[in-house]
Amino acid sequence: MQERGAKALFLDRDGIINVDHGYVYEIDKFEFTEGLFELLRIFVAKGYLLFVVTNQSGIERGYYSEDDFQTLTKWMLDRLKKEGIEVTSVQFCPHEPQKKCTCRKPKRGMVDKILSQHRIDLANSWLIGDKQSDIDLALNSDIANTIGIGKRTIEKATHTFKTILECKLFLEENQAIIKS
Ligand SMILES: [Mg+2]
Ligand SMILES: [Zn+2]
């Protein structure tokens, strides 16, 4: 049988891992979403690698520095590890939209970077995000399964839920849709 690579879960950050208060860069403003740890553990238990892909234009806009972002990221990863959740890597785009870089979602630069470092089975991989640009990133990079979260209208996601908690409850009841 041909080796297909690792299954992966690609995660947006703001609005998915943490409550989106707008340009979050301080630890005391970083609030994990309800149900997130349990949701991630479902994927971890099934052998998925976790990757964060996040647009952080607040860096180029000068709202916070790359150091601020990295300090928060290290804290976030430590907290997740304490919950038994290992993230393989965090990719971020620091650019403003008008820079027309190749990494700002929905462009696929951040996913391409991950694919250059890991063999990923995209057909059995998932992406969770709260904006159309997240879902469009998945479409642009052949990530087959997508979950849109929130009250915004999100088109072309394979699943949509109002909250991470609602998503987590659904996945607990329907674990078979996530390939082991
Ligand atoms: Mg988001
Ligand atoms: Zn960029």
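Predicted model: local features only at pLDDT ≥ 70, side-chain atom pairs only at ≥ 80, totals over all residues.
**Entry: the listed site**

I checked the UniProt record next. Its unreviewed entry lists Asp12, Asp14, Asp130 and Lys131 under "binding site". These residues span 120 residues in sequence, yet no two of their C-alpha atoms are more than 10.0 Å apart, so they gather at one spot.

I then looked up where Asp130 belongs. Asp130 lies in the loop between strand 4 (126-129) and helix 4 (132-140).

Is Asp12 buried or exposed? I found 23 other C-beta atoms within 10 Å of Asp12, and the cut-off for buried is 20 or more, so Asp12 is buried. Asp130 also has 23 C-beta neighbours inside 10 Å and counts as buried.

I listed contacts, leaving out residues up to four places away in sequence. Asp12 touches Val53, Thr54, Ile128, Gly129, Asp130 and Asp134. Asp130 touches Asp12, Gly15, Ile16, Ile149 and Gly150.

Six of them form an open sheet in the order 3-2-1-4-5-6, with parallel pairing. Strand 3 and strand 6 (159-161) are the edges, and each pairs on one side only. On average, neighbouring strands are turned by 15° against each other, direction ignored.

I followed one pair along its length. Strand 2 (residues 49-55) and strand 3 (residues 89-93) run parallel and share five bridges. The chain gets from strand 2 to strand 3 through helix 2 (residues 66-82), and this β-α-β crossover is right-handed. Phe51 stands opposite Ser89 in strand 3. Val53 has Gln91 as its bridge partner there.

Which strands does helix 3 lie across? I traced helix 3 over strand 1, strand 2 and strand 3, and it runs at about 150° to strand 3.

**Entry: the core**

I looked for the largest nonpolar core and found 33 residues in it. Those with the most contacts inside this core are Ala8, Leu9, Phe10, Leu11, Phe51, Leu127 and Ile128. Elements giving two or more residues to the core include strand 1, strand 2, strand 4, strand 5 (145-149), helix 3 (109-117) and helix 5 (164-173).

Technical notes:
Residues numbered from 1 in each chain as written. Chains lettered and ligands numbered in written order. UniProt positions renumbered as here; feature names shortened; annotations may be inferred. Buried ≥ 20, exposed ≤ 12 C-beta atoms within 10 Å, placed from the backbone. Contact = placed C-beta atoms within 7 Å. Helix = DSSP H or I, 4+ residues; strand = E, 2+ residues; numbered from the N terminus. Pairing = 2+ DSSP bridges. Right-handed = clockwise from strand over helix to strand, strands pointing away. Core = buried A, V, L, I, M, F, W, Y, C linked by C-beta atoms within 7 Å. Axes fitted to C-alpha atoms, helices over the stretch in contact; angles between N-to-C directions.
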